[in-house]
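Look at the interface before reading on.

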Amino acid sequence: MINITLKVNGEERALSLPATRTLLAALRNDMKLTGSKNACNQGVCGACTVLLDGVPVNACLVLAANVAGREIVTIEGLGEGGKLSPMQQAFVDAGAIQCGFCMSGMIVSATAFLAENPKPSRKEIRQALSGNLCRCSGYVRVIDAVELAAGRSGA
Amino acid sequence: MSDIESATESAIGKSPPRLEAAEKAAGTAIYSGDMELPGMLHAALLTSPYSHARILSYDVSAALALPGVKAVVTAEDISGGYIGLVCKDEKALAHGKVRYIGEPVAAVAARDEATARLAARLIEVEYEELPAATTVEQAMAEGAPVLHEDFADYTKIYQAPENEGNLLARAEAVMGRGVDGFDEADVIVEGTYEVGAQYHAYMEPVSVLAAFGPDGRVTVWSSTQSIFRTQANIHEGLGIPMGKIRCVAPRIGGGFGAKAEASGQLVTVMLAKKAGMPVRLVLTRDEDMTSMRARHPGTLRVKTGAKADGTLVAREMEVWLDAGAYADDSPAVMNLVLFYARGSYSIPHVRALGHAVYTNKLRLGAFRGFGNPQASFAAESQLDEIAEKLGIDPIELRIKNAIKAGEQWLGGQRITSCALVESLEKVRDASDWTRRREAAPGRKRGLGVAAMTHTSAFLSSGAIVRLQGDGSIILNVGAVDIGQGSDTALSQMCAAALGLDIEQVSFATPDTDSAPYNYGTNASRVTYTVGQAVHRAAMQVRAQLLEHAAAMLECSEGQLELRPGGRIGVDVEPPRNAEVSFADIAGRSLWAVGGPITGSGSYIPNDPPDPEHTKMTGFLGLDALSVLTFGAQVVEVEVDEVTGAVEVIEAWCAHDVGRAINPGAVESQIHGGFVQGQGYALCEEMLWEDGRLVNPSFMDYKFPGTLDTPDKIHAIILETPEKSHPFHVKGVGEPPLVGAAPAINNALSAATGLRLKQIPLTPERVLRGLLEKG
Ligand code: FES
Ligand code: FES
């Protein structure tokens, strides 16, 4: 067991956990932040995507101990004051969400991408989300949602 | 009553955000694997390393000695009997024998997951390895190892073939003159088609939380498509009375058929019971892929006869499905392959023969389409071969032979409404078919078409509608929304029947303690079948509301009008400004007259086959299967002749849904279903070597991502009112998947002249085909 402090969604939490624990397991089990999902535990599907210093990473591939003190944002940290973030709201409004299991990761990835590229083409959105698998949507409405969010922020 | 229609228009035909969309976007939606209870233990499985072996003994002492381990269970702890919807041949854990690699043999509950996994590896099982049959050919060979020696003794709900071997089911359907009908044909095309095993790949791996209460009742939260099938399986498999089993469905991360029957629930309940503490099981992706289910791989020999003018006269189909180690839904899936063998056409003479065979691998089971994707891939591909031979346009050929409302389907059921021709015309026009087919023959790009038919009414459902004190409604149906949006659509129907806005209807969490029975979320049945029950229950509530209102407003019921938003007014000349709200009525019912206002509705389709029309043997009853829905798809592909890769450029999918309660959700089903079908067509295949699954991960099992899928999937909704339903609806969950594979295959042929008969159409197969063709 090692003692570390994780900074998640602006809050510091002291944790005692095995050195081998992934960030995803630490978030879900130790911090009870279950919005990030485990669908492959292998870095393939993106369901566990979180922001690490603003950059999207697969939390299942990151060891918790290696990111102590760094800025971590999860799906739970995107909105403010109990309100959905613009990207979250766009996913709701575009009808992109079906079972929802992929959506935390999808929305986190999309949020980081739009911050980098506020006026993307649909093709660019597809490229940016190529690491996020969804089995329900066929992706059309997902791309619509990101486009919607981009349009709104430009307005 | 007047104006009901206008009052109800508010809720139907609109696409409000799904009821649970915001919580899913926020990351606060709770799935089974997110749940925890005080004192909860974690489960881990020990699975079989052999395809086929006798279990000689267990030694669990080392596992139990590990600190933190609270319980270990093996088949010796099973207190119940066999489970299985159509053939009871499976138990909660492997007992006596193991029949596939990955089959759960024992399980551990421990303080934490790592300890549980470690302990599972410390369980010693002594096996005697047996010869295995991992393919249909091996399993049907003379002297093949027998998987189920007790097959004859199993309880079955179909007429099973008598055999000493591995033949699980055999069924035959003959219409008209059967194979003799080929004597009317000028042209006959015959071919053998092969389909691969597709993994459901729902993003949420199977997860279960089970806890016994002080009253001895067990509550099971799990990723399931049916709380009632979960309850029944626990009851039968563990001998616990149904009244002591409460099954609840939190949010579900997809199912597509695999979560319709039992998965990890039984073993989790066993552990919770033995440990006396709550237990949670969350499968890894590898465990899920090796121990759950997949779509049946199989071989289909198909023969079609046509007259020179394109009139189809005869069809023969002989099907062999690999069922895997346990029956599960296999006999039913095989039956449904035959049900769709004739395709969507008025072919007078048909013979369809099917087999399902036990093999030493993962059980194959229900998967979106349920036999239809296999049948349609083969038959719709062959239809294009005929079109080519006759020099007739493939869409023309389909329209010429299209089945129509009033005609009988294979089995004899009458088609109630049918927009097949319209669907074909729609996709032809939308895709600019005629011009583009002619523009580029034999180039890298090509258009292909497929038509499809699917059921949408199946088995029983109930609904309870309750008026609350504030005039709002609670709708309780026990149907699980696995992501398709049924919570929202059913709430819209309930709101419509009562003239309410959807916000005034709350949807109860599916819970066997309170919900009326519902068979499950499968067979594209929920909107149609549960919708019937919702309407009946809502109408009972409406009748009571009107009775109260008449008394309160001192008029006759005939003078009342239901007004939007939960009010009832008097509609007389001269106008009287008098109305009561649902809240007023609720108050009267709760505190003065009549008691609580509750409505309940039950429904089961009953549409028995006609033995005069089709001779059927070896089938399960098809009585509770009804209401066919139709559609057509056109796909454009581009083929890379260097790599063999097939890219889907654009798709046009026209589906007749009777009436779209929520058009946005219908379109989403079309997008998602088509893309899952594209995966089936092009890249998805579970591969076994000597019974071992060689690609049990998302790394090795590829399904389409954002870069593999077309941006333009045109969802075309057709609305031909289905008069047997109060809201005129039909299902749409499965059909969008069904057409994709044959349409893509036909497009590949149009693009390259290459005609393949095996899916997935991997680059390797396409390239090999192109090279052989020269
Ligand atoms: S769970 Fe981390 S990428 Fe799939
Ligand atoms: S919404 Fe179900 S996996 Fe994406």
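How much area is buried between chain A and chain B? About 3700 Å² is buried between the two chains, with carbon and sulfur atoms giving 56%. Buried area is the accessible area (1.4 Å probe) that two parts lose on being put together, summed over both.

This is a predicted model: local features need pLDDT of at least 70, side-chain atom pairs count only at pLDDT 80 or more, and totals for chains, interfaces and linings use all residues. Residues are numbered from 1 along each chain as its sequence is written, chains are lettered from A in the order in which they are written, and side-chain values use heavy atoms, without hydrogens and water.

**Interface**
- Chain A brings 42 residues to the contact (heavy atoms within 4.5 Å), and chain B brings 52.
- In chain A, Gln98(A), Arg126(A) and Arg135(A) lose the most area to chain B, together 23% of what that side buries.

**Salt bridges**
- The rule finds seven salt bridges across the interface (a side-chain nitrogen of Lys or Arg within 4 Å of a carboxyl oxygen of Asp or Glu).
- One of them joins Arg28(A) to Asp34(B), whose closest N and O atoms are 2.8 Å apart.

**Sheet in chain B**
- Four strands (DSSP E runs of at least two residues) form an open, mixed sheet in the order E16-E25-E26-E29.
- Strands pair if DSSP finds at least two bridges between them.
- Strand E16 (445–458) and strand E29 (712–718) of chain B stand at the edges with a single partner strand each, so one side of each lacks a neighbour in the sheet.
- Strand E26 (646–656) of chain B pairs with E29(B) in the parallel sense over seven bridges.
- Trp652(B) stands opposite His714(B) in E29(B).
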